[in-house]
Amino acid sequence: MKSKSLPFSTIFIVGLTLFALFFGAGNLIFPASLGQAAGTNFWPAVVGFLITGVGLPLLGVIAMGVSGKEDLHSLASRVHPWFGLIFTTVLYLAIGPLFALPRTGSVSYEIGVKPFVSESMGHVPLLIFTVFFFSVSCFFSLNPTRIVDIVGKFLTPIKLLFICILIVAALIHPIGPIQSPVEDYSNIPFFKGFQEGYLTMDTLASFVFAILVINTVKQKGATTSRAIALTCVKASFIAAALLVIIYASLTFLGASSVSMMGHLDNGGQVLAQAASHYFKSLGGLLLGLMITVACLTTSIGLISSSAAYFHKLLPNIPYKALAIGLSVFSAAIANVGLTQLIAFSVPVLTAIYPLAIALIFLTFLHPLFKGRAEVYQGTMLCVGLVSVFDGLNAAGIKITTVNSLFNHVLPLYHLGLGWLLPGVIGGVVGFLITLIDNSKTVYSK
């Protein structure tokens with residue numbers, strides 16, 4: 001079948017779909033919270049956030065497009081087959097039933113429903129809402145071939161309308177003057193914003209969402225590697241432009257809210273009070289609809305992608321059974337509570353995020369070192385050795401001897417970026433090993 005050039009209208013729909021899938025639960029909460037803490041330093045903070053919250057995720061989509069691989073498992077297996085299996089499974093669990101997927105339901109409830117129900121009703125409203133929310137998500141995910149059309153053509157415009165109304169109001173009439181930064185945002189706003197971007201989980205999700213986009217692009221007629229890669233690049237730029245505008249605007253909204261609202265516990269509260277400030281009684285309803293639609297689009301993508309992966313891993317279990325099982329499990333986890341869910345996810349994300357970033361850049365550099373497996377292995381080994389201790393630190397398990405050593409020998413370790421130099425050294429050493437003993441070199445496709 002001959003590959004054809006896709007019309008801009010199709011690429012635009014794919015770009016809207018990418019935006020919708022990325023702009024989910026965490027993405028609504030974190031920019032507003034970041035703005036409150038960053039205050040007058042919100043510009044360097046939001047730039048750091050945009051690198052990990054927009055730049056890296058979209059590079060992940062493009063990397064999948066240029067790699068020619070059909071899924072993350074085959075891409076990660078360039079390191080080693082066992083690494084491919086373990087890394088892919090951990091990633092799908094993180095962005096699926098353990099963290100990101102339940103968070104879509106719990107965030108929707110906390111912001112969109114909880115303000116309208118009495119506390120005397122206890123846990124029942126949360127249970128009812130999460131069952132309904134994940135039932136709807138499951139319904140759409142059972143027909144994954146229509147996800148791009150459903151999300152891109154219908155849900156995304158609705159969500160954009162709600163978001164734009166709130167943002168325009170905030171830009172035209174700021175809530176108040178921007179206050180001074182707090183905590184680390186006073187000294188290292190860029191690096192603090194960079195780390196906050198991890199919490200969106202979007203770089204991890206980019207490998208997964210890229211598969212949905214690539215499959216859709218193929219169905220539309222783009223079949224060659226070049227055509228698929230170019231379409232992914234164009235769609236990624238469309239999604240990036242929308243994400244940058246929305247993130248920067250929400251950060252500004254948060255920064256301008258402190259003088260009137262004070263420092264709130266999370267970004268959800270910031271958005272809720274901002275909506276009430278601008279739209280009075282309609283504010284809560286507007287925000288609730290916006291949050292629910294945003295989280296629903298992400299939930300649909302995560303259920304369908306996770307079910308597809310585990311079906312490939314366990315072919316004896318039907319896709320529909322896995323989609324239903326993931327939905328039920330996520331509904332149960334969502335009832336644990338948003339605060340506990342986020343707190344538990346931070347150490348895991350801190351540990352695996354650097355590995356995902358390294359894999360993205362190795363994919364782009366793959367032709368330069370001709371896919372030598374030793375380069376992949378050296379890089380990932382050194383990055384992983386450092387990032388696992390970053391994860392332990394985030395969990396409150398601090399190994400003083402190791403931290404002292406790493407702080408002394410690794411640049412940027414205290415900023416959570418100590419894995420950068422070891423990753424480069426590991427890749428170089430791996431390449432040199434192939435030059436010394438080329439007879440044993442393994443070349444990854």
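**A tour of the largest pocket and its surroundings**

Start by selecting α15: with 9 residues, this helix gives the largest share of the lining of the largest pocket. This is a predicted model, in which local features need pLDDT of at least 70, side-chain atom pairs count only at pLDDT 80 or more, and totals for chains, interfaces and linings use all residues. Residues are numbered from 1 along each chain as its sequence is written, and side-chain values use heavy atoms, leaving out hydrogens and water.

**Stop 1: the pocket**

Stay with the largest pocket. About 1,300 Å³ of space lies in it. Next, select F30, S33, E196, L199 and I342, the closest to the centre among the 46 residues of the lining. Then colour the elements that give two or more residues to this lining: α2 (25-38), α6 (100-112), α9 (189-196), α12 (267-279), α15 (338-365) and α16 (373-394). By type, the lining residues divide into 22 nonpolar, 15 polar and 9 charged.

A pocket here is an open set of points on a 1 Å grid over the protein atoms alone, where a 1.4 Å probe fits, with protein on both sides within 12 Å along at least five of seven lines; lining residues have an atom within 4 Å of a point. The volume is the space filled by probe spheres set on the points.

**Stop 2: two domains**

Select residues 8-335 as domain 1 and 339-438 as domain 2. These bounds come from an automatic or database domain assignment. Where does the largest pocket lie? It lies between domain 1 and domain 2, because both give residues to its lining. The C-alpha centres of the two domains lie 25 Å apart. Their contact (heavy atoms within 4.5 Å) takes 37 residues from domain 1 and 27 residues from domain 2.

**Stop 3: the whole protein**

Zoom out and show the cartoon. There are 18 helices and 0 strands; helices (H or I, at least four residues) and strands (E, at least two) are DSSP runs, numbered from the N terminus. The C-alpha trace spans about 70 × 55 × 40 Å along its principal axes. Buried residues make up 58% of the 445 residues. Buried means under 20% relative accessible area, exposed over 50%, and partly exposed in between (1.4 Å probe, protein chains only).

**Stop 4: A321**

Finish on A321, in helix α14 (residues 319-334). A321 counts as partly exposed, because its relative accessibility is 40%.

Technical notes
Ala, Val, Leu, Ile, Met, Phe, Trp, Tyr, Cys and Pro count as nonpolar, Asp, Glu, Lys and Arg as charged, and the others, Gly among them, as polar.
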